[in-house]
Each structure stands twice: as structure tokens, then as C-alpha cells.
Amino acid sequence: QVQFVESGGGLVQPGGSLRLSCTTSTIIFRAYAMAWYRQAPGKQRELVARITSGGITNYADSVKGRFTISKDYPKNTVFLQMNSLKPEDTAVYYCSGHPPLTWGQGTQVAVSS
């Protein structure tokens, strides 16, 4: 069964930083591109960042220059480093494959003063 376990969310002030983590199985981690998605209240889920099995990264225009996606191979973990956070980054963040495979519970990120 494919599973993704996200962590690292929280409440942060505008301009602050958070690092999200996502673990999955070795097979999934090594075979698929991995991605972070987010869903804000009342909005559709959107792709935030993607990293291929070869390490090529892509970002949504709204997060370019602020977010960084990376992988830790020994730990089967994908990270999303989020800097210069804005209120509009508030959402539940999910990781999955790209294209999406299944969804975990996500981790809530709230950016507010």
C-alpha cells in the first residue's frame, strides 16, 4: 500500500520559515518523481514543487525563489524548505508522487501575524 507521511507544518509569522518533511517507501521514493501540493480553504489542490528521480526541480511561479524541494535518499524523505512565507501560503500541504499516487493526511501551514 502506497503511503506518504507529512510533517513539519505549524503557525508562523509572515516572513518566517518552515521545513516540511515527507517519508514514503523506498520503491516509491526511488521510482517516481516526488512533489509537494497544497490546498487552501475553498480552493483546488495545486502543485507547489516537483523533483524528479534524477533531481531536476520545478516550482510553481508563486513560490519560485522562496521554496526549495530536496530529497534525502537514505531516509526516503522529501523536504520542502519554505522561506519568506506569506499569508497566501496558508494551506494544507501534501506530498505524493508526480503524477499523484495517493494522498496522506497532509500537514497544516498557517502564516499569520
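Q: Which residue in β3 does Val-5 stand opposite?
A: Val-5 stands opposite Thr-23 in β3. Before going on, note that this is a predicted model, where local features need pLDDT of at least 70, side-chain atom pairs count only at pLDDT 80 or more, and totals for chains, interfaces and linings use all residues. Residues are numbered from 1 along each chain as its sequence is written, and side-chain values use heavy atoms, with hydrogens and water left out.

Q: OK, and what counts as a strand, or as a pair of strands?
A: Strands (E, at least two residues) and helices (H or I, at least four) are DSSP runs, numbered from the N terminus. Two strands pair if DSSP finds at least two bridges between them.

Q: How many bridges link β1 and β3?
A: There are 3 bridges, and the two strands pair in the antiparallel sense; β3 covers residues 18-23.

Q: What sheet is that part of, then?
A: An open sheet of 4 strands, in the order β1-β3-β8-β7, with antiparallel pairing. β1 (5-7) and β7 (67-72) each have a single partner strand, so they stand at the edges with one side left without a neighbour in the sheet.

Q: By how many degrees are neighbouring strands turned there?
A: On average 15 degrees, direction ignored. The axes behind that are lines fitted to C-alpha atoms (for helices over the stretch in contact), and angles run from 0 to 180 degrees between N-to-C directions.

Q: What does β8 pair with?
A: With β3 it pairs in the antiparallel sense over 6 bridges, and β7 and β8 also pair in the antiparallel sense over 6 bridges.

Q: Is β8 mostly covered or mostly exposed?
A: Mostly covered: 5 of its 6 residues are buried. Buried means under 20% relative accessible area, exposed over 50%, and partly exposed in between (1.4 Å probe, protein chains only).

Q: You mentioned Leu-80. What does it touch?
A: Leaving out residues up to four places away in sequence, Leu-80 touches Leu-18, Arg-19, Leu-20, Trp-36, Val-48, Ala-49, Phe-67, Thr-68, Ile-69 and Tyr-93. Contact here means heavy atoms within 4.5 Å.

Q: And how many residues are in the largest nonpolar core?
A: It has 25 residues, and those with the most contacts inside it are Trp-36, Val-48, Phe-67, Leu-80, Met-82 and Tyr-93. β3, α1 (26-31), β4 (33-39), β5 (46-51), β7, β8 (77-82), β9 (91-98) and β10 (107-111) each supply at least two residues of this core. By nonpolar core I mean a set of buried Ala, Val, Leu, Ile, Met, Phe, Trp, Tyr and Cys residues joined through side-chain atoms within 4.5 Å.

Q: Switching topic: what order do the strands take in the sheet of 6?
A: β2-β10-β9-β4-β5-β6, an open sheet with mixed pairing. Its edge strands are β2 (10-12) and β6 (57-59), each pairing on one side only. The twist averages 25 degrees from one strand to the next.

Q: Which pair there is parallel?
A: β2 and β10 pair in the parallel sense, over 3 bridges. Leu-11 has Ala-110 as its bridge partner in β10.

Q: What about β9, which strands does it pair with?
A: β4 and β9 pair in the antiparallel sense over 7 bridges, with Trp-36 opposite Cys-95 in β9. β9 and β10 pair in the antiparallel sense over 3 bridges, and there Tyr-93 has Thr-107 as its bridge partner.

Q: Why is β9 called largely enclosed?
A: Because 7 of its 8 residues are buried, so the rest of the structure largely encloses it.

Q: Where's the cis peptide bond?
A: Between His-98 and Pro-99, with omega about 0 degrees. Pro-99 is found in the loop between β9 and β10.
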